[in-house]
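Here are my notes on the model you sent. They are in numbered points, to be read beside the structure.

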Amino acid sequence: MLKFGEWTSLFAYADRDAQITAQGSQIRAAFRDRKYTVVKLLQPVEGIQADHFYRIRYRAHSENMRWDVLYIWQDATGIELSKGYLQNEERLTSPANAAKLIIEVLLTGKGEGSFELSDLHLQDEGPYQPRNVKVCAVAYELLNKDLAALPFEENVALNLREIDAVAHLNPDVIVLTECAFQTSEKVTVPGVTTPNRLDDPHMNALCRKAKEYHCYIVTSLRLVDEDGVLHNSAILIDRQGNIQGVSHKTHLTINEKERGLELGQEFPVFDTDFGKIGMLVCWEHFFPEAVRTLALKGAEMIFVPTHGFRLNRAATRALENGVYLVTAHIRGDRTVVLDPDGRVLADGTEKDYAFAQVDLNKRTFVQYLSCSSWGDAHSIYLNERRPELYFR
């Protein structure tokens, strides 16, 4: 049974005028000093079990005072194992060797300010359970090694056969490359490929494959809308064969703009039965803000159908946001599954597809990331942003 201990108050500057009342699940604080004031309040929690899920809930309100609620996991000897931020309703996982939990409330301010915290509650949600997802990113050259130009109908058929070729892996998600039906399409006018509509027979065939193999399919296609305007669009098809989401490419190359493609206007995030995902098309992931926006919206895994790729860039995008990032390229060696630390879990060098099973409940911790022990990359980077300072 969980039991909260007494609060301890620590002042970074001993001479500051601050009033602190902390008892049980309540904190009241008031700063009166014109100088910068920092107060750390610590509360131990007894009855913690290792490898368990815990849900934290609280209410907080402040006036002219910055505040953070943090966790500190310790082993039986009191050594800090990891440290990070806690938002209301957030779930945290106790490490395998955790024996103690300390909740920290960090208050900072200058001048008069106040803070109130109430209804602090921690609930044990049971032993750790993985949330496994099997991902398969397919390179276009899987069944077209020479990248031979094919008529549109044959190109569509090739992509459908590529889905068949990896279906034995029972993936939860299959990712195809950028403009999959237009890649290496044999065209009569340079740069002019055959567009798709969301309800055309070729799209319907792709949806039937998702339903047949009971998997999500992510790709990008050259779409034409009801006004005849062209888009390069990421498509999400669900396990039932329905088009769940479309995301128009927001960052277009010069050539795409010259050919009449219209810029997308948002970065949507989609709920799947395994978690929240985002989609970017090629050039979009060259921009840090695109991946960051999806991460801020809650995306745990980002799929990137692409014709452009550099491993160091893609790895940086995963690393700086603490998210999984999956690319599907024309070439196998540029088709990868990256973990939240930017490490390659799988690539398509040998088989022209990259297959990996990942656990979305498993957090990625990095040593000395903002703290003296181990920090959760996703949480640290997003919580320590200073958007009010950034140039727009």
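1. What is the strand order in the open sheet of six strands that includes β23? The order is β16-β15-β14-β13-β12-β23, and the pairing is mixed. Helices (H or I, at least four residues) and strands (E, at least two) are DSSP runs, numbered from the N terminus, and two strands pair if DSSP finds at least two bridges between them. The edges are formed by β16 (243–248) and β23 (353–359), each of which pairs on one side only. From one strand to the next, the twist averages 25 degrees; axes are lines fitted to C-alpha atoms, for helices over the stretch in contact, and angles run from 0 to 180 degrees between N-to-C directions.

2. On the source: this is a predicted model, in which local features need pLDDT of at least 70 and side-chain atom pairs count only at pLDDT 80 or more, while totals for chains, interfaces and linings use all residues. Residues are numbered from 1 along each chain as its sequence is written, and side-chain values use heavy atoms, with hydrogens and water left out.

3. Strand β12 (residues 132–138) is joined to β23 by seven bridges in the antiparallel sense. Within this pair, V135 stands opposite A356 and A137 opposite A354. Five of the seven residues of β23 are buried, so the strand is mostly covered; buried means under 20% relative accessible area, exposed over 50%, and partly exposed in between (1.4 Å probe, protein chains only).

4. Helix α1 (residues 152–166) touches β12, β13 (173–175), β14 (216–224) and β23, and its direction makes about 140 degrees with that of β12. Helix α2 (residues 201–213) touches β14, β15 (230–237) and β16, and its direction makes about 175 degrees with that of β14. Contact here means heavy atoms within 4.5 Å.

5. The length of α1 agrees with expectation: at 1.5 Å a residue its 15 residues should span 21 Å, and its end C-alpha atoms are 22 Å apart. The expected span is 1.5 Å times one less than the number of residues. The buried residues of α1 include F152, V156, L160 and I163, but also N155, N159 and E162. Among the elements covering the buried residues of α1 are β12, β13, α2, β14 and β23.

6. In the loop between α1 and β13 sits H168. Is H168 buried or exposed? Its relative accessibility is 53%, so H168 counts as exposed.

7. E256 counts as buried because its relative accessibility is 7%. Neighbours within four places in sequence aside, E256 is in contact with E178, N232, K249, H251 and L261.

8. Another open sheet of six strands has the order β17-β18-β19-β20-β21-β22, again with mixed pairing. Its edges are β17 (269–271) and β22 (344–347); each has a single partner strand, so one side of each has no neighbour in the sheet. The twist averages 20 degrees from one strand to the next. Strands β19 (residues 301–305) and β20 (residues 324–328) run parallel and are joined by five bridges, with I302 opposite L325. Helix α5 (residues 311–321) packs on this sheet, touching β20, β21 (336–338) and β22, and its direction makes about 35 degrees with that of β21.

9. The largest nonpolar core has 28 residues, of which W73 and V105 touch the most other members. A nonpolar core is a set of buried Ala, Val, Leu, Ile, Met, Phe, Trp, Tyr and Cys residues joined through side-chain atoms within 4.5 Å. Two or more residues each come from β4 (26–31), β5 (36–46), β6 (52–63), β7 (66–74), β10 (100–110) and β11 (113–127). Another core, of 26 residues, lies apart from it and includes A137, V175, Y216 and Y324.

10. How many disulfides does a search of the whole structure find? The count is zero, a disulfide being a pair of cysteine sulfur atoms within 2.5 Å. The sulfur of C136 is 9.3 Å from the closest cysteine sulfur, in C215, which is too far for a bond. C136 counts as buried, at 0% relative accessibility. C282 is in no disulfide either, since the nearest cysteine sulfur, that of C179, is 8.9 Å away. C282 is also buried, with a relative accessible area of 10%.
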